[in-house]
2 protein chains.
Amino acid sequence: MSIVTIIGSGMMGSALAFPARENGNTVRLVGTPLDREIIECCRTSGQHPKFDRPFPAGVEYFQFEECMDALKNTDLVICGVSSFGVEWFADSVLPILPEVPVLSVTKGLLCQDDGSLIAYPHFWQKKLDSLNKKNELCAIGGPCTSYELVAHDQTLVAFCGKNPETLKRLQAIMTTSYYHIIPTTDVMGIESAVALKNGYALGIALTIGENFKRCGREELHYNSQAGVFLQATREMHRLVNHLGGTDESFYVGVGDLYVTVYGGRTRKVGILLGEGYTIDESLEKLQGVTLESLVVAGRVAEALRIQAEQGKIDLKDFPLLLHVDSIVTGKAPVNIPWDDFTVLS
Amino acid sequence: MSIVTIIGSGMMGSALAFPARENGNTVRLVGTPLDREIIECCRTSGQHPKFDRPFPAGVEYFQFEECMDALKNTDLVICGVSSFGVEWFADSVLPILPEVPVLSVTKGLLCQDDGSLIAYPHFWQKKLDSLNKKNELCAIGGPCTSYELVAHDQTLVAFCGKNPETLKRLQAIMTTSYYHIIPTTDVMGIESAVALKNGYALGIALTIGENFKRCGREELHYNSQAGVFLQATREMHRLVNHLGGTDESFYVGVGDLYVTVYGGRTRKVGILLGEGYTIDESLEKLQGVTLESLVVAGRVAEALRIQAEQGKIDLKDFPLLLHVDSIVTGKAPVNIPWDDFTVLS
């Protein structure tokens, strides 16, 4: 059995304590400086304040100032910070880590000046290089909502990283009867697929809002959701391939897209937009909502525009993503470009 | 404007009267000999007995013995029979048709003795050849439930056929502000993708039933649905490519899979199976349910087994389809092979 140290006690990081601990490992959950109350709550009640059931017995909890204790003899560090904590993780955590693999749940892409997109592991790799440290960076992608993992819903995700042997070891540490892991060396494919799904899930949710407005909230419609899902699948496949990813990663992204349409915050924003609220009104109504999905859509659209100017892609191939971006970044009203979806590439 | 004759007044055939008529065409809906009461009801009430709103004004209704009147000067025949009516359509309708295009909504695949799969248009083509008739056979595939089309939900489908000019003409006849058409010459790709989705939708619905059994019907879970959706996407892409179809058709199939998971009968069977009922018990509980989805899964599995013996495919690449077939054809209990889903091809 291994020692697993999870840094960041948000929902997803904390949820991973379940398979990790239930598989017999020592599990240490470390809060960031923003997680102080969460860790106190866990210590008192044995339960995360946002989960409806307690952690498995034996999970240990640490405030960030106790991080060095939590890292002692550890075999695996899981990075559970949100995308807003990516730089903090680079500056405050990477320097103090022992040279064990790091498995990240943080999803997102960064647009570079030249229009290329990089994933967080690539960003962190630069920091590790500058520190002359050799930690292997791996990441988790795929359809998994934290509260359902906590509920032991059967879950299938991908672990990506450069080294197949390391992935096999992480797979052995984390696999349970309900947590199933696809190991893959296609880091960019997984990272881009699971990042892209956010913007596309918003696009699909627009149709839910449009139908609520048109027919009331009781009548459920799926044709239009499925139509946009079709287009999202098409654009996501193109993008993943364009970014050098594999079909396998694209499938992981499609699964992730499916769960994200039902998964909460992105859906809520999309529904409000579809009902006719502006992006500002929608965010106002959902105070406190995390903006990760919106940020990613904007970054990818920005990258695509630069690449289109360079002649590397044709913007006509991505009408859905650009429409989502026009709503989110350009504050445009919803007007799904259905006719553009009927054109084969 | 054109004259559109729809033969078969089941739900999907009848639903197409809405965009056809609202686009300004003359629309004639003809019942099969089994549709006698439906046509009488339409004549009396102007509404299909299974729809919650009336047909657009001006749709004309015909019993099958009046079919020749309905075919007079027609520009397009839509075949709306179920897969159980495929042979009837070949024997009783193809011979009496004027040489206009036929657009079919009937979905399914037939397994030939050598393990190859053919779609209904190919089956009908043989009949047309024997009659020395030149009707062009086209087909509709993609995410569209009839009652939502009737409700004017935004809908995106594909029309497939050999001749791009004909497809353009059909697209012009049928496109409305809510019915959007992708024209494609990839007949086998579309037909196989939309047929395959039936078996895969059943596979996804198994997880809904399993969770109902485990957590009650109130608690909804999506991780496991999304995990099986991921695997379904992977297998469907492989199969569509193997059968000579394009990625574009695969996307249409994925959209269709999405809507089918929510669409009624296949979902209901899958949920009952997931809750632990045998296939016989499930069908008993859903008396009158159409078995099309189950039939297709069995036929494809049969074809794959023959092709595997011939060394053309590897059955290990299709664990989900084979599991669905083992339940449906082999009456095996549900035991989703999650571990098989973690292996990259």
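Let's start with Asn73(A). Asn73(A) counts as exposed, because it has 10 C-beta neighbours inside 10 Å. The cut-offs: 20 or more other C-beta atoms within 10 Å of a residue's own means buried, 12 or fewer means exposed, and in between is partly exposed, with C-beta atoms placed from the backbone. Where is Asn73(A)? Its place is in the loop between α4 (67-71) and β4 (76-79) of chain A. Helices here are DSSP runs of H or I with at least four residues, strands are runs of E with at least two, and both are numbered from the N terminus.

Now the backbone. Most residues other than glycine have a negative phi. Asn73(A) is not a glycine, yet its phi is positive, about 60 degrees. His152(A) is not a glycine either, and its phi is positive too, about 65 degrees. His152(A) sits in the loop between α7 (146-150) and β9 of chain A. Buried or exposed? His152(A) is buried, with 21 other C-beta atoms within 10 Å.

A word on the model. It is predicted, so local features need pLDDT of at least 70 and side-chain atom pairs count only at pLDDT 80 or more, while totals for chains, interfaces and linings use all residues. Residues are numbered from 1 along each chain as its sequence is written, and chains are lettered from A and ligands numbered from 1 in the order in which they are written.

Next, domains. The assignment for chain A, automatic or from a database, gives domain 1 (3-185) and domain 2 (188-341). Their C-alpha centres lie 26 Å apart. In contact are 22 residues of domain 1 and 26 residues of domain 2 of chain A. Contact means C-beta atoms, placed from the backbone, within 7 Å. The domain 1 side has 12 nonpolar, nine polar and one charged residues. Nonpolar covers Ala, Val, Leu, Ile, Met, Phe, Trp, Tyr, Cys and Pro; charged covers Asp, Glu, Lys and Arg; the others, Gly among them, are polar.

How do α9 (residues 187-215) and α15 (residues 319-328) of chain A pack? They pack at an angle of about 80 degrees, with their axes 9 Å apart. So α9(A) and α15(A) are roughly perpendicular to each other, a label for angles of 65 to 115 degrees. From α9(A), Gly199(A), Tyr200(A), Leu202(A) and Gly203(A) meet Leu320(A), Leu321(A), His323(A) and Val324(A) of α15(A). That contact has five nonpolar, three polar and no charged residues.

Over to chain B. Val194(B) lies in helix α9 of chain B. Val194(B) is buried, with 30 other C-beta atoms within 10 Å. Leaving out residues up to four places away in sequence, Val194(B) touches Lys107(B), Gly141(B), Gly142(B), Val252(B), Gly253(B) and Asp256(B).

Last, the two chains together. 44 residues of chain B are in contact with 44 residues of chain A. α10(B) gives the most to the chain B side, with 10 residues. By class, that side has 21 nonpolar, 17 polar and six charged residues.

How are the copies related? A rotation of 180 degrees, with 0.0 Å of shift along its axis, superposes chain B on chain A, RMSD 0.0 Å. That is the relation of a two-fold axis. The same surface serves both copies: 100% of the contact residues of chain B recur in chain A. Of the residues of chain B, Tyr258(B) comes closest to the rotation axis, at 4.2 Å (C-alpha).

How values were computed:
Two residues are in contact if their C-beta atoms, placed from the backbone, lie within 7 Å. Copies are superposed by least squares on the C-alpha atoms of residues with pLDDT of at least 70 in both. Axes are lines fitted to C-alpha atoms, for helices over the stretch in contact, and angles run from 0 to 180 degrees between N-to-C directions. Angles under 35 degrees count as roughly parallel, over 145 as roughly antiparallel, 65 to 115 as roughly perpendicular and the rest as oblique.
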